[in-house]
Amino acid sequence: MENIVMPNYEHSILNVITSILKYYNVKTEYTSLEELDQELKNKYRNVVFIVLDGMGEHILNKISPKGYFCNNKKACITSVYPSTTTAALTTYYSGKPPYETGWIAWSQYFKEYGRAVDMFLHKESYKGELLNDTNLDVFENIVNYKSIFNQIEEASSNIKAYEVTPSYSEKRSKRSLRAENIDEAIEYVEMLCNNPEEKFIFTYCDNPDSTLHKFGTDSEEAEKFIKETELKIKDMCENLPEDTIVIISADHGHKNIEKSYTILDYPEIQECLIMPASLESRVLAFWVKEDMKKDFEERFNKNFKNEFWLMTKEEFLEKNFLGYGKKHPKIDDFIGNYIALSVAGSMIRLETFLAEGKKVKKSTHCGLTKEEMEVPLIVLKK
């Protein structure tokens, strides 16, 4: 396991957002990032934070090692774990780690519904059905959190907090603008920064993640997007007012998929399970029968020992993979009694005989490899 990187909650994306919250006088229990604190010592009218989904440290270094982004890089930091958009973006949006928010991965099992649910889409995971006419809204009542936008505006009443996100995204700020691509996002940032008010602008772009999923980390398409985005953001920064700072990072990196398995091809493992696995294809939660735990460990490791790190729920939590703080009451429900973490280029599709699993992508994330876990911190200012 030489290639694995553990989440470092003292030097991670959590600490990046903590630095920003600290800058706006928000009280937080978490440690800020020294490298960013140094950059935020001056007073800025505009603080722009751009998250480029999937732009990991190693992808950037390979594609543009001497480009605008790398020339202005201040640190290499880790993502949270799991290294996936659901956990990482929620950390950005809340200022808290997955251990506190309960937002862990794409698909999480809710006993309240008897269903695995896609967290961002609010849909049943296997059939893709909307959860209509429920007696309880799990997102409002069980996995809700206070957004950084509200936290900032409450702590610093003179600050206006904006978000610039794709139209499919759930609105988390009362000042929400919709940008379908990086060009539209840049237009909004430029427009907002020219307004006289003091403001924080959180900008989320779902690329290069979508490009990487489709074409892979070595693709011309990924290289084209990153290099073009560098130039576009460089041009943007040259046109911004001097009292503006632009901070850029990512939620996670990416790793090309070398092998894909389906759990349905392993009846000896299925025999041990109470219900289907959940979370994601590179981090799987298992609910194992009490009298078959030893059998499950032996059978799983026989097939996947060199590709997945299997541990009990207790072992997983003791290693603080999800971070620290006040444990969300649903954590034990969501991660079952065993969890398997990918440490190679393999994935296990989450499937049942009711519905085929999601399409295998050229590249993905959620594992523990350095390619997925490490992201850059970039700071741009005049």
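Student: Which residues line the largest cavity?

Tutor: This is a predicted model, and the answer below is computed from it. The lining of the largest cavity consists of P166, A179, E180, N181, I182, A185, Y204, C205 and D206. Two elements each give two or more residues to this lining: α9 (182-193) and β8 (199-205). The volume is about 40 Å³. By class, the lining has 6 nonpolar residues, 1 polar and 2 charged.

The count is 2 cavities of 30 Å³ or more. The second largest cavity has a volume of about 30 Å³. Its lining is made up of Y99, F316, L317, N320, F321, L322 and G323. Here 5 residues are nonpolar and 2 are polar, with no charged residues.

The largest pocket has a volume of about 940 Å³. It is lined by 34 residues, and W106, H213, E280, K358 and K361 are the closest to its centre. The elements giving two or more residues to that lining are α5 (85-94), α10 (209-215), β12 (273-280) and β16 (346-349). Of these, α5 gives the most, with 4 residues. The classes split into 11 nonpolar, 12 polar and 11 charged.

The second largest pocket holds about 260 Å³ of space. Its lining has 14 residues; F139, N144, Y145, E170 and R172 lie nearest the centre. By class, that lining has 4 nonpolar, 4 polar and 6 charged residues.

Conventions
Residues are numbered from 1 along each chain as its sequence is written. This is a predicted model: local features need pLDDT of at least 70, side-chain atom pairs count only at pLDDT 80 or more; totals for chains, interfaces and linings use all residues. Side-chain values use heavy atoms; hydrogens and water are left out. On a 1 Å grid over the protein atoms alone, a cavity is a set of points where a 1.4 Å probe fits but cannot get out, and a pocket is an open set with protein on both sides within 12 Å along at least five of seven lines; lining residues have an atom within 4 Å of a point. Grid points are joined across faces, edges and corners, and a volume is the space filled by probe spheres set on the points. Ala, Val, Leu, Ile, Met, Phe, Trp, Tyr, Cys and Pro count as nonpolar, Asp, Glu, Lys and Arg as charged, and the others, Gly among them, as polar.
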